[in-house]
Structures are given as C-alpha cells and as structure tokens.
Amino acid sequence: MSRDWIHPRSLQEALAVRAERGAVPLSGATDLLVRHRGVAGTLPSLNAPIVWIGHLQELTAVTADEDELRIGAAAVYTDIAAHPRTPAILRQTIAELAAPAIRNVATVGGNIGNASPAADAVCTLYALDAEVELASVTASRRVPIAEVITGPGQTTIGDDELITAVYLPLGQDEFWFYRKVGTRRANALSKLALAARGRLDGRRLADIGVALGAVAPTVVRSGELEHRMRGAAADDIAVMRDELIAGYLALVNPIDDQRSTRRYRLRVTENLLSELFDRRLPFSLEGSAEHRGSRSPRR
Amino acid sequence: MDNAISREVERVDARAKARGETPYLADRIFENRLYARVVRARVPRGTIVNRNTPSLPPEYHYITAADVPAGGKNCVRMIKDDWPVFAETEIRYYGEPIGLLVGPDRQGLAELLEQFEAAVEYRKREAAVNLEEGLRLKGGPIHGEDNLFADLHTSKGDPERTLAEAARIIEREFHTGHQEHVYIEPQALVGTREDGKVTIYISTQCPFYVRKAVATTLGVAAEDVVIVQTPTGGGFGGKEHYPDVLATAVAVALTKINRPIELILDRMEDLEFTSKRHPSRVRYRVGLDESDNIVALDVDMVLEAGAYESSSRVVLQRGMFSSNSVYEFPNVRVHGRAVATNNVPADAFRGFGAPQGLFAAEMLMSQVARELGVEDVELKQRYLLRQGSTTLTNGRIHEEVKLPEMLNHILNESGYRRKRSEYGAGNGRGIGISLFKHGSAFTGNGEPEIIKARVRIRKRADGRPELLVANVEIGQGVLTTFRKIVARVLDIPYTEVVYSNHNTAQVPDSGPTCASRSVAIVGYLLQQAAEKLKGRLQEPGEFEVEQVYEHPAHLHWDAETLTGDAYPAYSWGVNCVEVEVDPLTYEVTVTGVWTAYDIGRAIDEGVVRGQIVGGAIQALGYAGLEKLQNSEGRFLQHTMADYCIPTSLDFPSVRYTLFDNPYQYGPFGAKGAGEVVFDGIAPAFGAAVQQALDREVAHIPLTPEYLSELADGTDSAFHAQRPARTADAEPATTTP
C-alpha cells in the first residue's frame, strides 16, 4: 500500500505524478478518507495512488494584492478565515463550517475537487465570483468556479491537472447575507444554504451575487436574474421580488434525502430569498454599518 | 437523617476518564487474539435459499447456527428465546446475523465479509417496516398469527360505562420515533477460555444477563461461564440486552476456536444494527362530564418491537402504566400491544417505555386544555396524584407527593405564567410545562420474583470494606455513589471503600444496571449490609456480610391482571422548556430549561446533576433532532453525520432544583434518578412549540421539516410571520 502514497518535494513533482499515474491529491483528508473509510483496523479502500500535497508551500499560502485574494488550494480553513483580507461572508461561512478540528485541516481545494452540492464554502465562493486555477505540468488556466463543478462529484478538472489556487476579487462588496441551515448548531452538514453579496451605487444595486447550496446538483447562481436586479432601486425590487423568487425556485431541484426533504428545502429557499429581497438589501439603511453584513439572527 | 450525604465529592473515575487513561476494551490487547465480524443478512425479510459459502483461507473460521453445540440452543435468552444467535433460514430484519467470521487480520476479514454476505441467495418477502405495517400484517404475520409479542389490558373503575355515558369525548393520537443510544464506546467484547471456562470480557450493563444468555446457548451451567465487565463507555439501555446477542455468537465460536476472539462493532455497524428505542402510537379517548371534568380515559398504546421480542413486553407495561402521567382519573382502561416488524429489535432505552407514554399523556392534557379553553397547568393541577391516590393499576401512591410545591417553584423560576400570556399564540415563541413520574426499580413483581437481588460486603484483611455486587459503572456514577453509601454507614472516607470486582464468578447477582434500580434497590441493600458490618472493621482476618432483597410488605402485585403496586416508589419531576421558532427556517432554539425533581434524596449532587443535564440534552435530541427514517427496511441515517445528536451549542444550560423527600426503603432516602430526568423533556418541548406555532403537536421528533408542514396550515398566526408568498412552484424535472 505504501508505494501508492507519494510524497512529492515540489508542486512540479506532484503535477508530474498526477499526469503519469493519475494520482488523487490528498491534504486534510476530511472528505476523501471518510468517503473511502473501512471499518476500524482496515485501510481506506482507495483504488488510485495518492499524492500528498498538504505540505507544499506553493499550495498552502493565502496572499492578497490590491484587487484579489489568492487562496492556495491546500490552505486550511482556519488560515483562510484568519487572513485580514478574506471577505466577511467567507469568514462567516467558515465559522459555521464543520468543527474547529476539521477547519484546521480541511482545504478549499478539496472542497472544490469533491464537488459536493452541499459544500458550505463552495456556495459562498460561487457568490463571490471565485475563479479556480488549474495547473498541469505544461500549462495553467483560470476558470470560473461554475465551470469547474458540473454535478455531484463531477468536475472538468483534467486527468493531469491539480487545483492550485482559488482567486477572489476584493474590495467591491458593501453588503452580504449568509444563512446555512444545518442539521444542528455545530459540526453539521447543510440541508441548504444561501449566500448573497453585492454593492449599492447610490440608491441602486450596482452588483449582486446570489448562490443557493444543496438544493440542486450544483450550486445555483443565475446570471440572468442577477442581471435583472442590477440597477434596480428598492421599489423595483419590491415589484420584482415575486418573479425573482419564482425564477430561483424554477432553477432549484432539491431532493428528499437522509438530512431533509424536498418540500422543506423548497419552502426554506423561498423564505430565505424573501428575507434577502425584503429585508437584507440595505437600500434604506445607507450608512448603517451594522446592517451591511449579516447573517439572519437565529431567533 | 440529614442530607449531608448529598454533598458533591470527586467521582472516583473522573480523573482517569478525563485524561483518557481508563482502559476500555479496545485499548487492551489479548495475546494471540483473533478478530471477529458479524456476517449479516442483506434483505429485511425472506428466507435463505442458498448460502453459497465461499472457501476460507487458512486461519480463518466461519461460525453459523450449525456450530451451536449439542445440548445448547440457537437462541439469545432474554425474556423469551425467540431471537436466534444466528439466523438459520428465516430472515426478519436487514442486518440480522447469519454467521461469524473469525480470523487474524481485520483487512482480510473485511474482504471475506463482503464475499460471504454477497454470496447468499434469498427468497425475499414483502417486509413490514413500521408500526402500521406491522399491525396490518403486511407481507403476512412475522410473529404468531397477529404479529403481537404482547397484548395487554389493565383498567380501573368502570371505563365502559363512564365512556358510554360521557357528555363529551375528546380524541387524540400521538407518535414517537426510534432513537439510537449513541453510547461513546460501541458494543465490544473479547471471549476467551480461562481455566477451562468460557470467559467473556465485555462492555455491558448486566453481566449476569450475558452469563444467562451464553450458558443457555452453550447448554452449560451458568457457573461454567464467567463474565467480566470492562470499563463501559455509556449504555443508556443499549448495553442491557444487546451485548447478549454478540456474546452468544462469540461463545459459539469459542467452542471451535481455542484463542481469544475480539468482537468490537464499528460505529456505523453499531448505529445501524443494534437495538433502538421503541417507536409508539398512542390513541386516547377522554370522557368528560357536563362540567368538563375528566371522568374516564381510554388508552390504546402500540409499541413497535421490531423483529424479536427482547424486553418489549416489559417496556410496554411501563409505557402503559405511564399513559396517565401523574393524574388520577376515576375510570381508566389501557390496551397495550407490542407489534412485530422487520426492523432491528427495539429494546431498553433510558425511560423504558415511560417517555413514550408520558409524551402522549402530557401532550394530551395540554390539548384537552386547549380544546376546553383553559390553561393547561390549571387543568393538570385538578387531577394530580396525591399520597393515598389510586394508580391506574389500582395500586397506591404511598409517598408524600410534592408536585404542587415543585410546580409552583418552576412556575415562579421560569416566569411561566407571564411568558405564556406575553408570547400569545403563534408568534414564534412558546413555553411548555410537563409533570411526570418514574417508578424506581423493575415493574410489578420483578424485584422479589425475578431478580431477588443479593449483595455482599467483604471485610478484607487490610480492614477495608469491599463491595461485591453485579451493578456496574456505565458513566452514571455508581462507583462513587455505592462507595458513599457504605462509607457513610461505616463512618470512613468513601475512598477507603473497595469496589473493583466485576466478575460474575466472584460477586453475587444483585441484578442488572438499569431501571433506575441501582441506587434505589441495590444501594439500600448495601446500606443494610453495611449496618451489619458496623463496628466490625477492626476484627481480624477476612469475612463477609450479605443482604438479600426483601420486598416491602405493603406492596402487592398481580402479574396476571396487571393490578396492584406497579412500582415500590416513584421519582417525580416538573420540567419547563422555552423555545423560539425561526420563521424562516423553522429551526427551534431552546432558550430555557427549568427542572425540578423529587428523587427522594441525592446520594451525590454532582452525580445527580450529571444525570439531569445529560438526560435533558439527550431528551431534547429525542424531541427535536434525532430521526431514524426507514427506507425498505434500512435506516437512511447510519452515520453520525446524518443521525444528529445534540452538541453543547444546541441547547442552553439546564437549571435544576431538588426537592428532598426521603424514601423509607431507599439508601439514606434515595430513589432512582437515571430515567426520570429523561422522561418529561419531550412533552414540555412539544407544548412550547405548540404555543409558538399555535398548532397541535402530534409527534416527535419535531424536526424543522415537520414544523414547516405544521406552520403551512392556514389559520396559524405563525403563518403571518412568514413572507407572504407560498411555494407552489414545483419544477418540472423530477428528483434524481
């Protein structure tokens, strides 16, 4: 078994192993090894070689320049949350993600690579216009996150590629709203989630991103509906809200599963969208910093 | 007697457990040990057509029913002998053991297990996987002609006539779900032979139950089997009988294999295939006279027992006897049934039927009050049992009942009346109250006729007293409380008392560790035995004193008609739970829990506090979070990620007050405390949610999914809290 666990000295070496042997990258292992675990005293049933990447400094750094934040694919959530330039909505998402022990080892790259529709951080990354950097031995490309994840466990990552970083644009947002509905208060998986952020220009919405998690095979975000919202004033949103909600509900397709029901997910998705459009867009609260970023209080 | 004994001391096991130093079975290495895995059926119901048994590599063994020794019996003896150690042809539930694989390497065993399970061919039958399907005999009866493991009646007064003549009848129906114990340490044992005897080291609540079961399976005398309880990481009833199922299987293997065999369930295996709390359906007809007085109660209780009987008959009895909570009605009729289904057998779980009966009874009272337009506390107060009251089994309440002062205390402490009116109906906030009792010790004649507990205290040569009892520490604190009882009689430090022998060959059978009986019954025997030892600790050499259980003469029970004193004494409780329901997500936040208990007298307030807080949190999980959903005979939730028990963030701190009310036949006045602390939380939670939504609550768990459906009705004020539009937009595509 040990020969199938490769410990490269550099990213280049890791990419080579990926290309040559189809090795699966592993860092925190909080998803991969749970998924493939055997009973106590047995090894996980992985049928591909493993390339360990958690120690590669090229992949673990979180850095920022004026315009964007670069999160290494193997950066752990604790470190991402600690970076001063990390957007507040992502920090809040991480605060509600799993448990401290998991946040200390789980990585953003793993979350994207696993492509679970219920992955908490992924939903927020959609809302934040994240781009994913994919590298192979010979090339590197940046792709919007929605073009990387195509379904549960399905991605467009090439057989010779590794996720090397995630890029987030910085400095634009004025408001955000995040709500995860989990199975309990802490260390919980999502039944559904909504992440929204944006910016006002005077009294109009200059920009908005709305992402819905765990209610469809992939995170749902609609360029068309967001386009209709751009430039809208408070009155416009009040007029459009029913149509907007109907538009989103037509895009989601939740399932009945061991954690919740389709009916509940639809109902709460609708409620959260109503909350967003009716109360969380800060048209009437200009200058009121405390309402600029929020998570709906648990009552 | 004063209550100085109640003062909290350091638990004798606390430091080692907090430091992770306590050696649980998985921490111990038995030389030359083999591992075992249970080979399980992969259909919920059917017959084995062909096992197609694959061949075994060297050093591996496959044990089946055919290996049960002549003179033995392929059954797990609990109360009945219906549960086979290994299924022969008939399969009654998904995961039922059909064999045991034993070998030197766990990886090898895992691979073999897959082969062996996949090879079996079955003729599948239609399965009945819930209570209603069991009652309907879906797929034909599983047990007998009618699927009923028990069909019991008890009554008092003249329920027929009073129901027939009632001015008004109110009817309600309540449901509760499965619950998994989630003890921290999974089921674990190592079987071996020592001095020629089958010897089982095991995580268990009841070493003598294991001994009885193993001896029956092997067809040997009980004395030829030795059971040693190892430090046990929680039980909650899940290690009352279930360890017998695994121990008998390993014992059969030991007749073929002369090496230690370790069987420790993996967490997921434990979650999916070990026993659960009985789901219930309780129907009531309440007869009222012209002045709206309750004159008669008609109760129809059904418990879902699963595939085999196990303890269901007795769980049902406790459920039935709890179905009028703490109220005295002149005429009562209770019909109870335990129905077979193709689910894992349900068995003991903290409360043992009482939580089901009490949830239904307390919700009923709150709903009758709603319908009559009175406050539920006012209605309940009219019917409270008092000293001298007649129970529904025509027994007596012998002790002073302190419920009125307990209730007043809770009403004041919680601000109940003010909040109740302030929150109104359907505004997303609510507060609920429950009153309840829990009988200490075995039901009916269990203590004098079945258990006949016996304890001994040995005066050791070094002058220290050593406790010889069968009761064991499962996290509840008995290592400390038993020591305190004896130390106080002998007027020595509790740390001087030795209590470390948990070997059935060396201790007398003082009965199982369950039923809120350890302190109440066995603790009292120890107090009596210690009295015999008093003044003799300085005597030279080693000697023992013994005490045997004597049933108090004022107690009477008729097991045929289920009439008389169902329990020697009761512990009493009042709980109050306050909630807020999120109008967007229907998630419930518990904002306050106030509790009051009469457990006679606390032997140690720290230990009791542990029971109260732990019991409340476990019960809030039962009431609001923990859901097991059956799909074609398997639970959908079989990981800790999907079967969610509460974390410390889920619920607030639990306030408690103890009402001292010494019980004549308990050690220093103590009664049971382990279960009453679970019993009343769910109905208080239910009543609070009921107010928050202005909706009648009919079942637990009260998940956000269920609440969203309740709130979707039209006439609830809670509805107005939601955004106006309703989600009728159903996407055209279907669920994958």
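Student: What makes the link between the side chains of B:Arg40 and B:Glu269 a polar contact?

Tutor: The two side chains are joined at 3.2 Å. A polar contact is a pair of N or O atoms within 3.5 Å; within protein, one must be able to donate a hydrogen and the other to accept it, and residues adjacent in sequence count only if both atoms are side-chain atoms. The 3.2 Å falls within 3.5 Å, so the pair gets the name.

Student: What sort of model is this, and how are things labelled?

Tutor: It's a predicted model: local features need pLDDT of at least 70, side-chain atom pairs count only at pLDDT 80 or more, and totals for chains, interfaces and linings use all residues. Residues are numbered from 1 along each chain as its sequence is written, chains are lettered from A and ligands numbered from 1 in the order in which they are written, and side-chain values use heavy atoms, with hydrogens and water left out.

Student: Back to B:Arg40. Is B:Arg40 buried or exposed, and how do you know?

Tutor: Its relative accessibility is 4%. Buried means under 20% relative accessible area, exposed over 50%, and partly exposed in between (1.4 Å probe, protein chains only). So B:Arg40 counts as buried. B:Arg40 sits in strand β1 (residues 34-40) of chain B; strands (E, at least two residues) and helices (H or I, at least four) are DSSP runs, numbered from the N terminus. Leaving aside neighbours within four places in sequence, B:Arg40 is in contact (heavy atoms within 4.5 Å) with residues including B:Glu117, B:Tyr122 and B:Phe273.

Student: And B:Val577, buried or exposed?

Tutor: Buried, because its relative accessible area is 0%. B:Val577 belongs to strand β22 of chain B. Not counting residues up to four places away in sequence, it touches B:Gly430, B:Val590 and B:Phe685, among others.

Student: What makes B:Glu371 and B:Arg172 a salt bridge?

Tutor: Their N to O distance is 2.6 Å. A salt bridge is a side-chain nitrogen of Lys or Arg within 4 Å of a carboxyl oxygen of Asp or Glu. B:Glu371 is partly exposed because its value is 36%, whereas B:Arg172, at 16%, is buried.

Student: What other salt bridge is there, with B:Asp81 in it?

Tutor: B:Asp81 meets B:Lys73 at 2.8 Å, N to O. B:Asp81 is partly exposed at 23%, and B:Lys73 is partly exposed at 39%. Over all chains the count by this rule comes to 85 salt bridges.

Student: How many salt bridges are there between chain B and chain A?

Tutor: Seven. One salt bridge joins B:Asp712 and A:Arg267, with the closest N and O atoms 2.8 Å apart. The elements that give two or more residues to the side of chain B that touches chain A are α2 (106-119), β22 (570-581), β23 (588-598) and α19 (704-711) of chain B. Of these, α19(B) gives the largest share, four residues.

Student: What area do chain B and chain A bury between them?

Tutor: About 4000 Å², with 48% of it on carbon and sulfur atoms. Buried area is the accessible area (1.4 Å probe) that two parts lose on being put together, summed over both. As for contacts, 49 residues of chain B are in contact with 46 residues of chain A.

Student: Why are β4 and β6 of chain B called edge strands?

Tutor: Because strands pair if DSSP finds at least two bridges between them, and β4 (90-91) and β6 (121-124) each pair on one side only. The open sheet has three strands in the order β4-β2-β6 (chain B), with antiparallel pairing. Strand β2 (residues 46-50) and β6(B) pair over four bridges; B:Thr47 has B:Arg123 as its bridge partner in β6(B).

Student: What makes the peptide bond between B:Ile700 and B:Pro701 stand out?

Tutor: That bond is cis, with omega at about 5 degrees. Most peptide bonds are trans. B:Pro701 lies in the loop between α18 (681-693) and α19 of chain B.
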